[in-house]
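Reader: I'm new to this one. Could you walk me through how to read it?

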There are 2 protein chains.
Amino acid sequence: MKPRVWAPAPSEVELDLGSQRIAMIPQEQSGWWESPTELDHGADYAFRLDGGDPRPDPRALWLPNGVHGASRAYDHDRYRWGDGDWRGVQLAGSVLYELHIGTFTPEGTFDAAIDKLDHVVDLGIDVVEVLPVASYDGPRGWGYDGVGLYAVHEPYGGPDGFKRFVDACHQRNLGVALDVVYNHVGPVGNYLGEFGPYFNEHYSTPWGPAINYSGRGSDDVRRWAVDNALMWLRDFHVDGLRLDAVHAIIDTRAIHLLEEMARDVETLATQENRPLWLVAESDLNDPRLITTPEAGGYGLTAQWADDPHHALHALLTGERQGYYCDFGSLQTLADALSSPYHHAGTWSAFRGRTHGRPLDRGNVPGSRFVTYLHNHDQVGNRATGDRMSSYLSRERLMIGSALLMCSPYVPMLFMGEEWGATTPWQFFTSFTDRDIAKNVKRGRRHEFESHGWSSGDVPDPQDPATFERSILDWAEPGKDDHRALLDWHRELIALRKSRPELTDPWLLDVQTSYDEDERWLVVRRGGLAVAVNLAGQPQAVPVGATVDEILLASGDVETGGTQLRMPAETVAIVTLR
Amino acid sequence: MKPRVWAPAPSEVELDLGSQRIAMIPQEQSGWWESPTELDHGADYAFRLDGGDPRPDPRALWLPNGVHGASRAYDHDRYRWGDGDWRGVQLAGSVLYELHIGTFTPEGTFDAAIDKLDHVVDLGIDVVEVLPVASYDGPRGWGYDGVGLYAVHEPYGGPDGFKRFVDACHQRNLGVALDVVYNHVGPVGNYLGEFGPYFNEHYSTPWGPAINYSGRGSDDVRRWAVDNALMWLRDFHVDGLRLDAVHAIIDTRAIHLLEEMARDVETLATQENRPLWLVAESDLNDPRLITTPEAGGYGLTAQWADDPHHALHALLTGERQGYYCDFGSLQTLADALSSPYHHAGTWSAFRGRTHGRPLDRGNVPGSRFVTYLHNHDQVGNRATGDRMSSYLSRERLMIGSALLMCSPYVPMLFMGEEWGATTPWQFFTSFTDRDIAKNVKRGRRHEFESHGWSSGDVPDPQDPATFERSILDWAEPGKDDHRALLDWHRELIALRKSRPELTDPWLLDVQTSYDEDERWLVVRRGGLAVAVNLAGQPQAVPVGATVDEILLASGDVETGGTQLRMPAETVAIVTLR
């Protein structure tokens, strides 16, 4: 390959090959520079800007020496793919499984993860969603502080490792979604600003300066992001992208970055002849994201829906801290099971302002929303990263997963959730910069101290033990303690796939009834009903029609005409006559 | 009136009446405080927050002692309106006249301005558009650094003065538009931050911190802006608002401030049973602003269109500095006369990035765009505030105004333009804060030094002489030197009103032909043609059909079949057979 780089900031760019330096040739007016010579796959190189220290390529495809070291030339065409039969997968109708490569297995690599794919397939999963794999500083981290956006993190196995992983998934009929971060870059190893105007001086995000998507020079910054998205889908055969925190992408242009990205991804999907999808993590409750461009939207495939999660979590756990303060009643949950925006132009106490916008529930299918009982954030952003299974009864967990798997949304599990993993998933980092490391540690402690935690109870993110504690224990799914919950998930997923009523995405088809005092809830999905007894004692729950057959139940539920006699804290999925 | 104030920041608010202090009563949970006692119209009051210095009411209706002094209670109902016959005015079909109260007359007051309204009426104007009248620091200024958004600037005549002005306009069948600024507040006299979270820490504008329209506490900040818009329309009988620099309003909510404002203004228009309109100054070239909410837009009535101005200015003057660098050819002008967005997802050299978005010219009428040969910015932001008439031939000025008045857009004149005023309109301020005054002076000088001006040639904004030079000389319109141009404008406006082809807003109906080398341009508007000879010598200009009658010409134009024989630098408006 011939190194090229967009670097409008310096007036001189050299290609540093270790033994020699070669002047890069400026391309007319564009800010781009091109090397006069080709590099072979595997050759190390760096750029020197105006004679400064060597810097990695902002579009390096391989950073085997980490985010500060030399880039290595990488030829996408050398990998021999074995997924020729793969025809892609639609998001609608799928069940997702979110996993973090570093803690999914003790080895923390793609290759080790491949060995666990049969477990995932056996569970009934359609798509694994991988937390960010772009290169970040230090070996360990969640991945949201990536700086080498085009280079797969070397400790996970680098670019070839990720290809082997995707290939192995596809060969098992599993799709792959990838989490990508375009709202900021990490605080360590970020040399982008030396190359050009990657950052915007007028806006900031909670994690650092906002990326310059609408100011001077932003055309090439946008291409850096959009080309990155296209690369994962095209060169790594990824099926969909999860776009991290799009509410922190500040773009004032008439054509929003996300619209540009969606348009280009759509073009690629046509060329590749397989579905490719974009899912936004969004704290906006704004239908514009998932509305077509013809109707004034950005044209994304779907978005994460936090509100149904919050409604489930707050009801099941009784927790009301932070964003749970707006949730907790049965009514809120019942609404959230067919209204993905709890806040739709209405007051949010958590935000101290009105939030969101009404959604046209008659026209927007539930398959445009991904939801969960757990995701990495909702576990890892707790002080000790404790999973719901460590503070909630098995009975309530089963109720939660049944409601999730019977929802009109696209359900997602977080790795280990299916067996009630006892390992926490904590916030861990391994920044090599001392000041940043100290700040991260201190920031984390202060955050939770302000919520009443004593500092000793909040794990140190930089301590390797914090990371190690977060690694899944693969002995667990084989143990009796965990097998029932694992089977429950397997059965729920199988039921979801065998019953079209459950994947029916039309929100107005979901009918709910409940009794806030008696603590029961019934969700009607066509000829099926999901009945929940949340009370601490048995009760008869009216399902509104004569029960035909109990398809699945978490306890000794008995039918009785139009009622179900349900033990305390049980759920049953039944057919109706 | 009973003083009320939104002040969630302090834990104690007192009403300071000079002789006594009264504790304000907090309204449950809302951040609002209410006085236990009523105040009469004319009573002075201030607020003390947590025992601090007295501060003016953020919604003060009267600030007779300036932006730092006490607020004075004001009862809107005391004014006796005489405009009962006024039924409102549509923006579409109107000709606008922009004026600045402080420099429109030597007195610089509303009452003095009333005396000049007959001139405006005689010219054929439908709507006068008044530069901001909200209270700002110091007596003199353009008005864009207002801090008392609800109080009419006292040196202009205060709230009663503005009412007399609007009343007088309406009685002369003139509509009134008002320029309002919701993107920032001025640097001096801004105590808003002491009351509550009016400002956003994550974003900044070129003129200071961004207003908090989407963060915590923003509901009441939005009401402060929206209620202000409603007040001008309802209580001052204003017909439309010009929203300053909406591109600098940062709002990440699913329902944008401008959409909320447009919705509330629409409701008020229904209640008042007269047209009320919102026009955005926007540097976005984004159709979303003027698209209906049903189609994903904000629902504003119109926006200012700078691109047609730039195209006209650059062609007529040959200037290419600053934003004119993207303009200058006859083709650009010909396009701009039916495409208000020159940049529509295309490269802008001035911005160093791609800009804008295509407009559906088949469905968006030209009446959604206000344009001009001059506006206050394009004059006043020049180093010496020199008007086009001081550096352009009378012939070219006449060509420019003819093209403006024959365009499918809503044309606007800047006060004095109609007679080719020799008075400049310079940048003037009168900040009472020494540091700010020094910075403004220095900033202005530096800005133009970087463009090659010597500092002595750039007027000092704080010098009263700069302001005085900018006052119109009303002896001029009566002088022979100026009468021809004044008559020309009067005739053009009369022609525009008598010929429906000229107010036809449909952009696809505008047909242009031109010859870049021969320097001629023809604009066809139905059965009319506007022919321009920009060459330095006479030439025959083909109009594409047989000429019937010359309706108006700036020189000795003669017909000859399908051609016009035109002297150098002339324009003619003709009917076609």
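Reader: How many residue pairs are in polar contact across the interface of chain B and chain A?

Author: A polar contact is a pair of N or O atoms within 3.5 Å; within protein, one must be able to donate a hydrogen and the other to accept it, and residues adjacent in sequence count only if both atoms are side-chain atoms. Here the rule gives 18 residue pairs, both at pLDDT 80 or more. This is a predicted model, where local features need pLDDT of at least 70, side-chain atom pairs count only at pLDDT 80 or more, and totals for chains, interfaces and linings use all residues. Residues are numbered from 1 along each chain as its sequence is written, chains are lettered from A in the order in which they are written, and side-chain values use heavy atoms, leaving out hydrogens and water.

Reader: And how many salt bridges does the rule find across that interface?

Author: A salt bridge puts a side-chain nitrogen of Lys or Arg within 4 Å of a carboxyl oxygen of Asp or Glu. The rule finds two between chain B and chain A. In a salt bridge, B:Glu259 meets A:Arg357 at 2.7 Å, N to O.

Reader: How many residues does each chain bring to the contact?

Author: Contact means heavy atoms within 4.5 Å. Chain A gives 32 residues and chain B gives 32 residues.

Reader: What area is buried between chain B and chain A?

Author: Buried area is the accessible area (1.4 Å probe) that two parts lose on being put together, summed over both. For chain B and chain A that is about 2600 Å², with 41% from carbon and sulfur atoms.
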